[in-house]
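Q: Please go through the terms used for this structure and show what each one rests on.

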Amino acid sequence: MKKMIVAAAFAVVFSTTAFAQGTVKFADVVEISGGGAVVGSNWKNAIDLAVSEINAKGGLLGKKIEVTHYDTQTNPGVARAQVQKALDGDPYVLFGPVYSGSAIVTQALAKQNEIAEFTGGEAANLTEQKNPYIFRTSFGQQFAMPKIANYMRDVVKAKKVAVFWCNDDFGKGGRDTFIKEAKARGIEIVADLSSENGQADFAADVVKAKGSGADAMFIYLHEEENARLLRELRKQSVAVPLIGETTLLNQKVIELAGDAANGIKGHVGLSADAPIPQIQEFRKKYEERFKSVPDHNALKGYIGVYAVKYATEKIGKFDRKALAEKMKGLKITVAEEPGILMDVTWDKNGDLDRISFLAEVINGQQKITQTLPALGGS
Amino acid sequence: MSDFFQLLVAGLATGAIYALIAIGFTLLWQTSQTINFAQGEFVMLPAFFVLTAMGYFQQPFWVAVLAAFAVSIVLLGVLFKKLMVDPMIRHGVLPLVIATIALALLMKEGVREFYSAEAQGFPSLAAATNVSILGVAFAVQSLVVLIVTAVAVGVLQLFLNKTRTGRRMQATAQNPTVARLLGIPVERMILYTFLINAALVALASVLVTPIYLAKFSNGEWLGMYAFIAAIVGGFNQVRGALVGGLLLGVVDNFAAAYLSAQYRLAMPLLILIVVILFRPQGLLGRLEERTV
């Protein structure tokens, strides 16, 4: 009888672990509501898409992936609590958050629990915490901003730039890195304008930027605020070039800003408009399933899941520490894993390198104007 | 100096929207002692009526706006009064306040359920161009907001002061018992104020949503700003609400431009504290006076 009880207890315990009963648990902690809802919904949808594709082909190492989504409400405090809750469920791997402010506070938990965390955050400091368990799914600002600054100097020929940035980890990191790179290239910053997350009225900010004499404006806000700012810039008939990074040229920004988005230019690390067959195939599948155009956050989530799939198959077992170890210096090519969409390499810090793009919005559509090589030449 | 005037006009345009919402606050308070903490959500919702009419029923923008006004007047005017205010007000102001807070949550989450938490685009009332006046370039959209608001407030004042129904509404606000003795249908007059409030919030919604984008959470700040505007201007005066709204809009813009963008959100609260300390009846309010 005692043996039966012990056996039953073991059965209960192991049925709740990450790898029991023919399933493997993935946890996704992301911005499903709040100011980052646009971001989180794309990320979440793409993870669901990737997981259903892998499951349809027999799962991961023969086990079905079971993904649970947790809502950060775009609040770092809630994000931390949700990651703790997710970890209580004993997942194999952790996805999210996308907002850097949340990612910076959750990665300590990932480190404590020795579980790989695939974040969509782009703040430069995310991979500077000596955390062996954090991995990006997009460029960090330290890789993107030099490309933007070069573009400002060489293509836009800007001498005086006004900078709009959002007052959080993402915005502050981007602002600091951009200003450093711009100054190094002889570009003067004539207006330095911070705004709050969720800010609705940009009239005063735009009046100040107009009065600064800037011959170009660099915009580094989140998606909804980008759209509101673009509307205000057009409302006040600002005619100088508007330059940004991936979030500015995001599909949702273009949709929300309408005509006001036409003419914006910038560097995009990921784009559903990229002239790459695998990305176009992904876009088609995403649009069919979710009836909307995926943005770069969707690409991040999708790539993250396939990176885990590839690395796990390489190590041949569900071992959290081994997964994190395997990711360091890992190069995944489309030929080996089509779900990775573009050849990509992770370095020892969790930063990644791959090709990127210059883009412009023309008639409400993002057009890729140039493909930039990976920094490592892959 | 050009910046100053541009900021002034942009602030007045934003403040005009706050004023429309604040006027609704004061009207409801004066006639029925209703403090509607769902007023912000009342502004958020009509924009989604417009989007529904345009998206689901494939109507052009202006038809959708008219439909949204009609639906708002029925839902946020008639049904709000009949189903929530009338049953709750018998138990005092506080239960009604709590009920309107619950209604605000219900409306917000309802919109999130049907339209998701993502912001939605919303058409502008005017083209995104500038017009030059005395050498200063002003955004046409800001001027349109100002003109539409001025016309709406002017029509409202004319209605209240120059029509028989308007004067009956004022009498109801001043003393409902005497008004009833004089044969004024007090209940109907109170209902009219709810209908006017519904029309004002629908108008505010159409004016503000092109700037804010349509989002379930828009009512949070709008409701708070309008409530502060009404208190700052004087809760018992329509013109007080107007001045309070305009003042808040202008101060907010100047604070963002000349003081600190980070602390701009604190400015309305700072003004509120100062007014409560030194002129508790509001800038244009009168002690113990009740007029529409």
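Q: Why does the size of chain B agree with a compact globule?
A: For 292 residues, a compact globule would have a radius of gyration near 19 Å, and chain B has 19 Å, so the two agree. The radius is taken over C-alpha atoms, and the globule rule is 2.2 Å times the number of residues to the power 0.38.

Q: What kind of model do these values come from, and how are residues numbered?
A: The model is predicted: local features need pLDDT of at least 70, side-chain atom pairs count only at pLDDT 80 or more, and totals for chains, interfaces and linings use all residues. Residues are numbered from 1 along each chain as its sequence is written, chains are lettered from A and ligands numbered from 1 in the order in which they are written, and side-chain values use heavy atoms, with hydrogens and water left out.

Q: What makes B:F227 and B:F235 an aromatic pair, and which kind is it?
A: Rings of Phe, Tyr and Trp (its six-membered ring) pair if their centres lie within 6.5 Å; planes under 30 degrees apart count as stacked, over 60 as edge-to-face and the rest as tilted. B:F227 and B:F235 are 5.8 Å apart centre to centre with 75° between the planes, an edge-to-face pair. The whole structure has 28 aromatic pairs over all chains.

Q: Which residues of chain A do ring pairs link into a cluster?
A: The cluster consists of A:F26, A:Y92, A:F95, A:F118, A:F135 and A:F318.
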